[in-house]
There are 2 protein chains.
Amino acid sequence: MKCKKQVVAATMKDVAQKANVSTATVSRALMNPEKVSQSTRSKVEQAALDVGYLPQSMGRNLKRNESRTLLVIVPDICDPFFSEIIRGVEITAAEHGYLVLIGDCAHQNQQEKTFIDLIITKQIDGMLLLGSRLPFDDGVEEQRNLPPMVMANEFAPELELPTVHIDNLTAAFNAVNYLHELGHQRIGCIAGPEEMPLCYYRLQGYVQALRRSGITVDPHYIARGNFTFEAGASAMAQLLDLPQPPTAVFCHSDIMALGALSLAKRRGLKVPDNLSIIGFDNISLTEFCDPPLTTVSQPRFAIGREAMLLLLDQLNGQSVRSGSRLLDCELIVRGSTAKNKS
Amino acid sequence: MKCKKQVVAATMKDVAQKANVSTATVSRALMNPEKVSQSTRSKVEQAALDVGYLPQSMGRNLKRNESRTLLVIVPDICDPFFSEIIRGVEITAAEHGYLVLIGDCAHQNQQEKTFIDLIITKQIDGMLLLGSRLPFDDGVEEQRNLPPMVMANEFAPELELPTVHIDNLTAAFNAVNYLHELGHQRIGCIAGPEEMPLCYYRLQGYVQALRRSGITVDPHYIARGNFTFEAGASAMAQLLDLPQPPTAVFCHSDIMALGALSLAKRRGLKVPDNLSIIGFDNISLTEFCDPPLTTVSQPRFAIGREAMLLLLDQLNGQSVRSGSRLLDCELIVRGSTAKNKS
DNA sequence: TTGTAAGCGTTATCAT
DNA sequence: ATGATAACGCTTACAA
């Protein structure tokens, strides 16, 4: 029996014919079962089953003027930090019948224009931002009305978006404080770019922890890097070249911490014996490197999930949950930190 | 001037009114400019510009019975190996006006059912498989007619799909041969699951390289793991427990190689002095670990791009390019391999 | 060359 | 409780 009766997907008309009712009734029976009689309901349900009917989204979406698709803007899809957030986002979206498009900002090819077009052409109902900037020119949002948006992981006060985030300041504070408890006095910081709000908070945490410990903050002990391995290495070099190099370093990301670790080793330093290093994010790399990295773990899956829930709330017109969600994070102590022996 | 004239996106009707023509003419002027007079064309173009018109995909798609959206099935979105493939896929798709949905198979939540539903409900026009299996029960594809598909990275001969891949056998052969050239005679293999065609080829490459070198293949030197760090470690343990443990190991993936590396270190072995290790994939981790891993590099971005091009060809009804595409890969020699000193 | 009208698959309004 | 009908935005015969 090779021939297929039904080459194309079943439509509502098919169900209607099979059940001897109108398409309107089919729609009601399936959407608002309480609005049809018991008998027709089961008649329709049976017919739908028989022909293998599933509502075709394009017709429905056109009528409802929605796409049931969301866009998540990712600064760099190849950065492992974002993978698990994305998974949280997608699973949660799927649970609520939404599809998710990934907007990768790292490459030029995904032009800014593309994203705004997705909005104008009604291909997305909402956006989830994992970076701190809108993925198109400022000012555009004044001309166009933007769809519901939520920000996760980063901050952009001027956008006034619901946000899912950790307490970066406290996390950094605790990390640096841990180094101080280990007896370190000269503690450096390898920070991310100034323009990232994230980094501002983490730097403040660093500063406050030092102050709290009665240590004077020396700007020379603060090096900047752009979240790459190489930047971490050269920032570390910069710190080690100081007359009194730090005995411990707090980094704004694991990748930079790994770069710092690598350079320290190249210079013949033993980690953690001569130098303690703390990273941030707890990407899987940190378990496997040598020594394994002490770092701050963020609940990445939960960040994705909560952000999506916030977005779904907006789409459903519910009062925006609570504005924002603060999630817990945790200092994971591994082998890259030790008591100060200098 | 805060009030917005146009709260909703401009439709073709708006353009038609502005240009004093019918919507049909607008459609023609924009789609088939040669079918309208010079004057009306510019009139329409101007009007479209004025109202900021972009075709709304839902209307168009409904009419054309397509979604301009593709689905890429990823075995595990958190496996860094796939990230860059996905980037190649997305950029190429965007260049051709297609959107890409990511189907992550790793978690249960993304039920198999979901994927087949995307097909039935016409939400996707085609699929790109990064694993060797269809993401739903066998047999289903006999009842439903599946959309155009392309496979990348893996193999499934029975599906008879156009495929983008490297020559796994030769790559493995060269890697193992390199170990032999370094003087190693007892060469182990940490292989992936038997049911992955990929692993069959890599194992064959291992076997053929040994034979070619006149080395008898000892099945005890072949350990299996499921592509996780832990599996790599326990496979390594198994090999080291042999009466005559190998002096070099070829691994089917970097992650397993890192597991092996970690265990070897825990047992007090020096890599590469006492043991050489080769991985597969060249994920970014391999540059940063200690020692950096010798591995086989795959052109991941190109794999994604070529696969997408193949899929687009099918969608355009062009004769499927060439059936399949074979891409080059390369042995990257780093610090985890050295001359046999035993 | 251009306009009219039908249709894609749904849902919503209005009768019945 | 149900059915006819119009509508969402776009494309395309067919007519003019």
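Trainee: In which helix of chain A is S83(A) found?

Mentor: S83(A) belongs to helix α5 of chain A, residues 80-95; a helix here is a DSSP run of H or I with at least four residues, a strand a run of E with at least two, and both are numbered from the N terminus. Note that this is a predicted model, in which local features need pLDDT of at least 70 and side-chain atom pairs count only at pLDDT 80 or more, whereas totals for chains, interfaces and linings use all residues. Residues are numbered from 1 along each chain as its sequence is written, chains are lettered from A and ligands numbered from 1 in the order in which they are written, and side-chain values use heavy atoms, without hydrogens and water.

Trainee: Why is S83(A) called buried?

Mentor: Its relative accessible area is 8%, and buried means under 20%, exposed over 50%, and partly exposed in between, with a 1.4 Å probe and protein chains only. S83(A) is therefore buried. Leaving out residues up to four places away in sequence, S83(A) touches I77(B) and C78(B), where contact means heavy atoms within 4.5 Å.

Trainee: What makes N20(B) exposed, and what is its phi?

Mentor: The relative accessibility of N20(B) is 69%, so the residue counts as exposed. N20(B) sits in the loop between α1 and α2 of chain B, and its phi is near 60°, a positive value in a residue other than glycine. E160(B), in the loop between β4 (149-152) and β5 (163-166) of chain B, also has a positive phi, about 55°, without being a glycine. Most residues other than glycine have a negative phi.

Trainee: How do you know that the buried residues of α2(B) line one face of the helix?

Mentor: Those residues are T25(B), V26(B) and A29(B). Viewed down the axis of α2(B), they fall within an arc of 100°, so they line one face; the arc is that of the directions from the helix axis to the C-beta atoms. They pack against α1 (12-19) and α3 (38-51) of chain B.

Trainee: What makes the two copies related as by a two-fold rotation axis?

Mentor: Chain B is superposed on chain A by a rotation of 180° with 0.0 Å of shift along its axis, at an RMSD of 0.1 Å. The two copies are thus related as by a two-fold rotation axis. The superposition is by least squares on the C-alpha atoms of residues with pLDDT of at least 70 in both copies.

Trainee: Which residues come nearest to DNA strand C?

Mentor: Among the 26 residues around DNA strand C, the nearest are R60(A), T25(B), R28(B), S37(B) and T40(B); a residue is near a strand if one of its heavy atoms lies within 4 Å of it.

Trainee: How do you know that T25(B) makes a polar contact with DNA strand C?

Mentor: A polar side-chain atom of T25(B) lies 2.4 Å from a phosphate oxygen of DNA strand C. A polar contact is a pair of N or O atoms within 3.5 Å; within protein, one must be able to donate a hydrogen and the other to accept it, and residues adjacent in sequence count only if both atoms are side-chain atoms. For K63(B), an N or O atom of the side chain is 3.4 Å from a base nitrogen of DNA strand C.
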